[in-house]
Amino acid sequence: MSTLHIINHPLIQHKLTYIRNKNTGTKDFRELVDEVATLMAFEITRDMPLEEIEIETPVSTAKSKILSGKKIGIVPILRAGLGMVDGILKLIPAAKVGHVGLYRDPETLKPVEYYVKLPSDVEERDFIVVDPMLATGGSAIDAIQSIKQRGAKNIKFMCLVASPQGVEAVQEAHPDVDIYVAALDEKLNDHGYIVPGLGDAGDRLFGTK
């Protein structure tokens with residue numbers, strides 16, 4: 001079964017409070033999501049493998065470590081996931097960015113895929129799928145499935161806030177995908193929104209209603 005990682009670093013929790021606050025405007029909301037994504041990326045890359053090489057410092061030769069594992073791919077679920085990409089790229093600038101576009105059918109509440117574009121070397125990359133919210137889990141499950149169908153083997157999912165139902169659904173559908181969250185919230189309401197949550201992340205990121 002996949003592991004749920006709740007990243008409760010004080011800086012993340014502090015910034016998440018302002019992200020949740022309904023009085024936080026679009027500009028500040030966007031900057032805070034970006035900052036939290038950077039801090040979460042620090043944690044999600046903790047187990048990246050290293051190898052030792054020899055270098056010349058200004059003083060002598062030294063054995064030192066560099067990353068040795070697969071390259072990273074970042075896949076935001078459109079559109080709200082876009083708000084987390086730049087924050088991760090600050091730490092991993094060599095990562096390639098793919099996109100998965102899904103929308104939720106208002107009648108069935110099921111996700112419908114409308115766009116998928118991934119790096120050409122899918123099989124050579126470890127992927128981080130990002131979306132600020134994990135509510136019912138439907139979008140995350142379908143996005144991960146789309147990436148798997150195109151050859152990805154190692155995938156992690158990262159979001160700001162999740163519902164227990166969403167986490168359970170993703171773990172059941174994709175037991176090989178670890179989930180990284182800044183907060184596990186209380187529940188989903190009758191409209192499929194996370195409670196207490198942070199509202200509609202896409203609308204708050206892009207200033208739309």
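Here are a few notes on the pockets and nonpolar cores of this predicted model.

1. Ground rules. Residues are numbered from 1 along each chain as its sequence is written, and side-chain values use heavy atoms, with hydrogens and water left out. As this is a predicted model, local features need pLDDT of at least 70 and side-chain atom pairs count only at pLDDT 80 or more, while totals for chains, interfaces and linings use all residues.

2. Annotation. The unreviewed UniProt entry puts "domain: Phosphoribosyltransferase" at residues 7-208; bear in mind that such annotations may be inferred rather than shown by experiment. Over residues 7-208 the chain is 34% helix and 32% strand, with the end C-alpha atoms 29 Å apart. Helices (H or I, at least four residues) and strands (E, at least two) are DSSP runs, numbered from the N terminus.

3. The largest pocket. Its volume is about 610 Å³. Ala80, Arg104, Asp131, Ser139 and Asp200 are the closest to its centre, out of 26 lining residues. Two or more residues each come from β4 (71-78), β6 (99-104), β7 (111-117), β9 (133-134), α4 (138-149) and α6 (201-206). On pocket terms: using a 1 Å grid over the protein atoms alone and a 1.4 Å probe, a pocket is an open set of points with protein on both sides within 12 Å along at least five of seven lines, and lining residues have an atom within 4 Å of a point. Volume is the space filled by probe spheres set on the points.

4. The second largest pocket. This one comes in at about 180 Å³. Of its 13 lining residues, Asp47, Met48, Ile72, Asp126 and Lys156 lie closest to the centre. β8 (125-130) and β10 (154-162) are the elements giving two or more residues, and β8 gives the most, with three. The lining splits into six nonpolar, three polar and four charged residues (nonpolar: Ala, Val, Leu, Ile, Met, Phe, Trp, Tyr, Cys and Pro; charged: Asp, Glu, Lys and Arg; polar: the others, Gly among them).

5. The largest nonpolar core. A core here is a set of buried Ala, Val, Leu, Ile, Met, Phe, Trp, Tyr and Cys residues joined through side-chain atoms within 4.5 Å, buried being under 20% relative accessible area with a 1.4 Å probe, protein chains only. Among its 35 residues, Ile19, Met40, Ile88, Met158, Leu160, Val161 and Leu198 touch the most other members. α2 (26-44) is among the elements supplying at least two residues, and α2 gives the most, with eight.

6. Leu160 up close. Beyond neighbours within four places in sequence, contacts (heavy atoms within 4.5 Å) of Leu160 include Leu16, Val33, Met84, Asp131 and Ala183.

Terms used
Buried < 20%, exposed > 50% of the residue type's maximum accessible area, 1.4 Å probe, protein only.
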